[in-house]
Amino acid sequence: METMINTVRQALTEQIDAHTAESGQRYFKEDVRLYGVKTGNVRKIARMYESQIKAMAKRDTFALCETLWQSGMLEESFIACHWSFAIHKQYTLDDFAVFERWVTLYVTNWASCDTLCNHNVGTLVEMYPDLLQNLRLWARSENRWVRRAAAVTLIVPARRGKFLDDIFEIADILLADRDDLVQKGYGWMLKAASERHQQEIFDYVMQNKAILPRTALRYAIEKMPEALRKQAMVK
């Protein structure tokens with residue numbers, strides 16, 4: 001396994017792009033450690049080992065991913081997410097504890113948070129809806145990334161029309177959150193839910209306008225018809 005990690009790191013080093021390295025930090029308010037490799041090339045490197053990953057025992061795959069997460073490098077977190085999602089058909093309820101540890105210990109930026117939660121954690125929650133109660137606990141965390149994770153985990157299910165009541169409950173918990181990245185996270189969750197439940201999301205926005213931060217509001221109504229957007233934006 002050490003050989004695979006070293007090979008991946010060498011491949012990332014060889015794909016460093018000066019412009020990407022320089023411009024990458026601009027997407028983040030917090031300091032982010034990165035190689036400076038274009039996203040498409042990161043995906044290619046991850047896919048190089050996908051067949052080997054799928055042939056491994058799940059615990060070995062998760063151990064590899066843990067090592068990548070521990071590096072603190074942005075691109076390595078993306079590969080960890082890719083590899084751990086490659087075996088999503090093997091997920092069990094107990095894997096939530098693994099993902100929760102990664103979110104709590106290693107996620108330090110919105111990109112790693114969203115990549116892990118949109119796909120890996122979101123898929124697990126769809127497989128085991130009882131885990132929605134855990135997301136409510138995440139929404140009350142002191143850790144900004146865990147709170148954002150509670151919302152962005154539900155992006156893909158929301159687009160499919162799932163878990164609307166739970167989405168409203170999590171939005172209620174996060175409604176007055178003062179962190180703009182959390183606001184953007186749950187606003188995005190509401191926007192995704194509006195694709196199947198436009199009227200319900202519009203009604204929720206209108207009922208909570210007095211509390212809803214403008215950042216979250218703008219995200220939530222982004223895909224609605226212009227007439228509804230204008231009505232929602234009236235102070």
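Predicted model: local features only at pLDDT ≥ 70, side-chain atom pairs only at ≥ 80, totals over all residues.
The lining of the largest cavity comprises four nonpolar, five polar and no charged residues.

**Stop 1: the cavity**

Select Trp 69, Gly 72, Met 73, Leu 74, Ser 77, Tyr 106, Thr 108, Asn 109 and Ser 112, which line the largest cavity. The space inside the largest cavity amounts to about 60 Å³. How many cavities of 30 Å³ or more does the structure hold? The structure holds one. Rolling a probe the size of a water molecule over the atoms shows where empty space is left.

**Stop 2: two packed helices**

Next, select helix H5, residues 58-70, together with helix H6, residues 74-86. Two packed helices are described by the angle between their axes and the distance between the axes. For H5 and H6 the angle is about 165 degrees, and the axes lie 8 Å apart. H5 is therefore roughly antiparallel to H6, since an angle over 145 degrees counts as roughly antiparallel. Their crossing is left-handed.

To see the contact itself, display the side of H5 formed by Thr 61, Phe 62, Leu 64, Cys 65, Leu 68 and Trp 69.

**Stop 3: Phe 78**

Remain on helix H6 and select Phe 78. Which residues does Phe 78 contact, leaving aside its neighbours within four places in sequence? They are Val 42, Ala 111, Ser 112 and Thr 115. Now select Cys 113, which is 35 residues from Phe 78 along the chain. The C-alpha atoms of Phe 78 and Cys 113 are separated by 9.8 Å.

**Stop 4: the largest pocket**

Finally, turn to the largest pocket, whose volume is about 620 Å³. The pocket is lined by 26 residues, of which Thr 39, Arg 43, Phe 78, Ala 111 and Thr 115 are the closest to its centre. Select helices H2 (18-24), H3 (39-48), H6 and H8 (110-127), the elements that each give two or more residues to this lining. Which element gives the most to the lining? The answer is H6, with seven residues. By class, the lining of the largest pocket contains 13 nonpolar, nine polar and four charged residues.

Methods:
Residues numbered from 1 in each chain as written. Heavy atoms only, no water. Axes fitted to C-alpha atoms, helices over the stretch in contact; angles between N-to-C directions. Helix = DSSP H or I, 4+ residues; strand = E, 2+ residues; numbered from the N terminus. Parallel < 35°, antiparallel > 145°, perpendicular 65-115°, else oblique. Left-handed = near helix turned anticlockwise from the far one by under 90°. Contact = heavy atoms within 4.5 Å. 1 Å grid on protein atoms, 1.4 Å probe; cavity = no way out; pocket = protein on both sides within 12 Å on 5 of 7 lines; lining within 4 Å. Points joined across faces, edges and corners; volume = space filled by probe spheres on them. Nonpolar A, V, L, I, M, F, W, Y, C, P; charged D, E, K, R; others polar.
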